[in-house]
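Morning, everyone. I'll take a few minutes on strands and how they pair. Here is the structure.

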Amino acid sequence: MLNKHKRGMLVFALLSCTGISGCDSTTTDVTSENVKQPALAAYPAVRSTDYTETLHGTVVADPYRHLEEDSAATQAWVKAEQQYGKDYLNAIPNKQAVVDRITHLWNYEKVSTPTDRGDYTFHFRNDGLQAQWVLYVTDKSGAERVLLDPNTLSSDGTVALSGTSISKDGKTLAYGVSASGSDWQTWHFIDVGSGKPLSDKLEWIKFSSATWNKQNTGVYYARYDAPKGGDVMADTNYGQKIYFHKIGTEQSEDQLVYQRPDQPDWGYGIEVSEDGNYLLFFVSQGTDSRNRFFYKSLADENAQVVELLPELEAQYVFIGNDKTRFYFKTDYQAPNGKVIAIDIRQPDKAHWQTIIPESEDPISDLGIINQHLVVTTLHDVLGKMAIYSMDGKKLQDVAMPGQGSVVGPLGDADKDYFYYSYNSYIQPNTIYKYDFKTGQSSIYNQPKVAFDPNDYSSEQVFYTSKDGTRIPMLISYKKGMKKTGDNPTLLYAYGGFAISMTPRFSPANIAWMDMGGIYAVPNIRGGAEYGESWHQQGMLDKKQNVFDDYYAAAEYLIDQGYTNSKKLGAYGRSNGGLLMGAAVTQRPDLFAAVLPAVGVLDMLRFQKFTIGWAWTSEYGSADNAEQFPALLAYSPYHNVKARAYPATMIMTADHDDRVVPAHSFKFGAMMQAKQQGDKPIIMRIESKAGHGGGKPTAMQIDEQADIYTFLWQSFGLQLPSEIR
C-alpha cells in the first residue's frame with residue numbers, strides 16, 4: 001500500500017469508527033415551538049491590550065497576544081471559559097438522550113485488518129465501548145491472546161497507541177504511545193512469544209514510526225532533539241534526524257544514520273524495502289505534497305546515502321522494488337498520478353519507464369502484491385480498485401459492494417492475497433479478502449449491527465461554485481426526508497493539504513440522521529479528490545476558492561429545498577477549523593451555528609509554534625511580504641468585526657501541540673468582545689486531549705453529543721427525551 005510519509009500535518013477529520021449497533025427505522029420528530037434558550041451570563045473577563053506590530057508596512061492589532069503565554073492569568077481565564085462552555089451545554093435539556101443514542105449505536109465489536117508475521121497473526125479489536133482498541137496475537141495453533149491493551153496504560157484512557165511495527169519474523173513488537181493526544185511519542189518493545197516488555201525505550205519522537213531491519217535486530221526511526229525552550233507543547237520542532245536502535249541497548253547508544261543540519265525544515269519518512277536491502281528516505285519539506293527520495297544500501301555498511309530524486313518537483317511514493325528496479329507512484333507531469341519504474345543504475349529521466357499512465361481518475365492507493373500491481377482510484381470521490389500485471393496490463397476490476405470508500409490494498413508482496421475495506425456514510429466498515437488463486441473477494445469481517453443501511457440514503461450531487469467550478473457533494477439522511485426547506489443540516493468540510501474527504505462511516509452520524517438531521521460533505525478544492533491540480537486550486541493565494549466552494553455548497557442546500565440558513569450548521573476541524581473561522585467572519589448570514597474545532601485561526605503567527613512552520617507550503621507565511629496580504633485578508637482572528645454573529649462554539653484542547661490552543665483562545669476572546677447579536681459565543685475546551693488522535697471512546701461520544709445539542713439549540717429545536 002501507499003506509504004504516506006509526505007505529511008508533517010496529520011489531520012483528524014471525522015470521528016473514526018467502523019460500525020454501529022442497534023438502530024430502528026423510526027425518525028425522531030422535531031419541533032421548533034417554544035424552545036427555551038439557556039440564559040447567557042457575562043463572558044469571563046479577559047484583558048484586551050493596544051498591542052500592535054508593523055508587518056511589511058501594515059500596522060496589525062493583536063489585542064489578545066498575551067493569551068499565547070501560559071501565564072497564571074491565561075490559565076485562570078481558560079478555566080473560566082471552560083466552565084462557561086460546560087454550563088451552557090449542560091443547561092440544554094435532554095442532552096442525555098443524544099449521549100444514549102450515540103452510545104447505543106457505537107456499542108458493537110470492531111475488528112481491524114489482520115497482519116501476518118512469521119508464526120503469528122496480529123489484529124486490533126474493540127468490544128464496543130472500550131476507550132482504546134486492544135492488540136491481539138494468534139499463534140499457529142489458533143490460540144488467541146491479548147498482546148497489548150492500551151486501556152491498562154492509564155485510568156482514563158487518555159494514553160493511546162500512536163503506532164505499531166512488528167518485526168518480519170513476528171517475534172518482537174515495537175509500539176508508540178502518546179499521552180493526552182500529544183504528537184510526542186515514546187516507543188517501547190514487547191517480546192511476542194512471552195508477552196513480556198523489553199527494557200528498550202525511545203523518546204522525543206514525532207511524525208515517525210519505527211521500521212525493522214532485515215535481521216530483526218533493531219529499528220530505524222526519526223526523532224527531534226528535546227525542546228530547548230522549556231515549553232514542550234509550543235516550542236517549534238526543527239532538525240529531525242534518523243537513528244538506528246539495536247534491541248537491548250540504551251537510546252543514548254543509538255547510531256546516527258542521517259541528518260542535514262543545513263536543511264532544518266526537512267522531515268523524514270523512513271522504510272526498509274521488503275527485500276531488506278535498502279533503507280528508504282521520503283524527504284519532505286513542511287507539508288508540501290512534493291518530496292525528495294533518497295536511499296541507502298544496507299548490504300554494504302559503508303554505503304553512502306544516494307539522492308536518487310533530489311529535486312522538490314513532484315510527489316514520489318515508493319511502491320516496491322525488484323532488485324535495482326524501483327517502482328513509484330508519482331504526479332510528475334501527471335497531476336492524477338501514474339506508476340513509473342526507475343532502475344537506480346540508470347536513474348536519469350530518459351531511462352524512466354511508465355508502467356501505468358495517468359488517467360482521469362486519480363490514484364489514491366496502490367501496492368505490489370503477488371507480483372501484481374493493485375491500484376485504488378477515485379472516480380468522482382468514490383473508490384474503485386483494479387489489478388494490473390507488473391508491466392501495466394489491466395487484468396481485472398475488483399467488484400465493490402456499492403458506492404463508497406475503498407481502503408487498501410493491505411498486504412505483503414510475498415502473499416497471494418490482500419485485504420481491503422469498504423464503507424460509506426451509511427454503511428459500516430466491512431473488511432474483504434481478495435484471493436489471487438480464485439480471483440474473487442470474500443467477506444473477512446462484517447460488523448454485526450442491528451440497524452439497516454437500507455433505511456438511509458446517501459446521494460451524490462454536483463453544484464457550481466462562484467467561479468464556475470463543478471463540485472461534488474454527498475448528502476446523507478434517513479429515508480422519508482422531504483425537501484421542505486426546513487431540515488436541520490450539518491455541513492462538514494475540510495479543503496486542504498491534498499486530503500480527500502472520501503465517505504467514511506461514523507455511528508454518531510447515524511444518530512444525527514435518526515434525529516432528523518441531514519449530513520452533507522462537499523468535496524471542495526484543496527483536497528485531492530481530482531488529483532494534485534484540485535489541491536493547488538485551493539492553496540496559497542487561491543485559498544479563497546476553498547471558502548467560496550463551501551459557501552456555494554450551503555447555498556445549494558438552501559436553493560434545493562434541503563434546509564434554510566436558520567437550520568444550517570457549519571463544522572470543520574484543523575484546517576477545516578480555519579474554514580469555519582472564515583465562514584463565520586465572511587458569511588455569518590449563511591449559518592445558524594458555526595463550530596471551528598482545533599482550528600488554525602491566526603494566519604499571521606501559526607508558523608511560530610510547534611510544527612506550524614511546516615504548513616507554510618500550504619498557506620504561505622506572513623513573514624513573506626508577497627504572501628502577507630492574502631493571509632491578512634482572510635485570517636479569522638484579524639477579520640472579526642463588531643457585528644451580529646451566529647451561535648458559535650469554538651473547540652480546542654489543552655494538549656493540542658499541533659494547532660496550539662492559543663489560536664482558539666485568541667479567536668474566542670475576540671469573537672466574544674465583538675459580538676453585537678444575542679447568539680452565544682462559547683468555548684468547548686477539553687482537558688487531557690490533543691488534536692484528536694487517540695481520544696478515548698467516551699470522550700468522542702461526549703464531544704459529538706455536545707456538537708449535536710449545540711446545533712439543535714441554535715436551530716431553535718427541542719430535543720426529545722428519547723431518540724430512536
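One definition before we start: two strands count as paired if DSSP finds at least two bridges between them. And keep in mind that this is a predicted model.

Let's begin with strand S22, residues 338–343. Which strands does S22 pair with? On one hand, strand S23, residues 353–356: the pairing is antiparallel, over 3 bridges. Within it, valine 339 stands opposite isoleucine 356 in S23. On the other hand, strand S21, residues 325–330, pairs with S22 over 6 bridges, again in the antiparallel sense. There, lysine 329 stands opposite valine 339.

Is S22 buried or exposed? Buried means under 20% relative accessible area. By that cut-off, 6 of the 6 residues of S22 are buried, so the strand is largely enclosed by the rest of the structure. In a regular strand, side chains alternate between the two faces of the sheet. Here both faces are covered. Lys338, Ile340 and Ile342 are buried on one side. Val339, Ala341 and Asp343 are buried on the other.

Now to another sheet. It is open, with 4 strands in the order S16-S17-S18-S19, and the pairing is antiparallel. What stands at the edges? Strand S16, 266–272, and strand S19, 306–309. Each has a single partner strand, so one side of each is left without a neighbour in the sheet. Ignoring direction, neighbouring strands of this sheet are turned by 30° against each other on average.

Strand S18, residues 291–297, is joined to S19 by 2 bridges, running antiparallel. Tyrosine 295 has valine 306 in S19 as its bridge partner.

How values were computed:
Residues are numbered from 1 along each chain as its sequence is written. This is a predicted model: local features need pLDDT of at least 70, side-chain atom pairs count only at pLDDT 80 or more; totals for chains, interfaces and linings use all residues. Side-chain values use heavy atoms; hydrogens and water are left out. Axes are lines fitted to C-alpha atoms, for helices over the stretch in contact, and angles run from 0 to 180 degrees between N-to-C directions. Buried means under 20% relative accessible area, exposed over 50%, partly exposed in between (1.4 Å probe, protein chains only).
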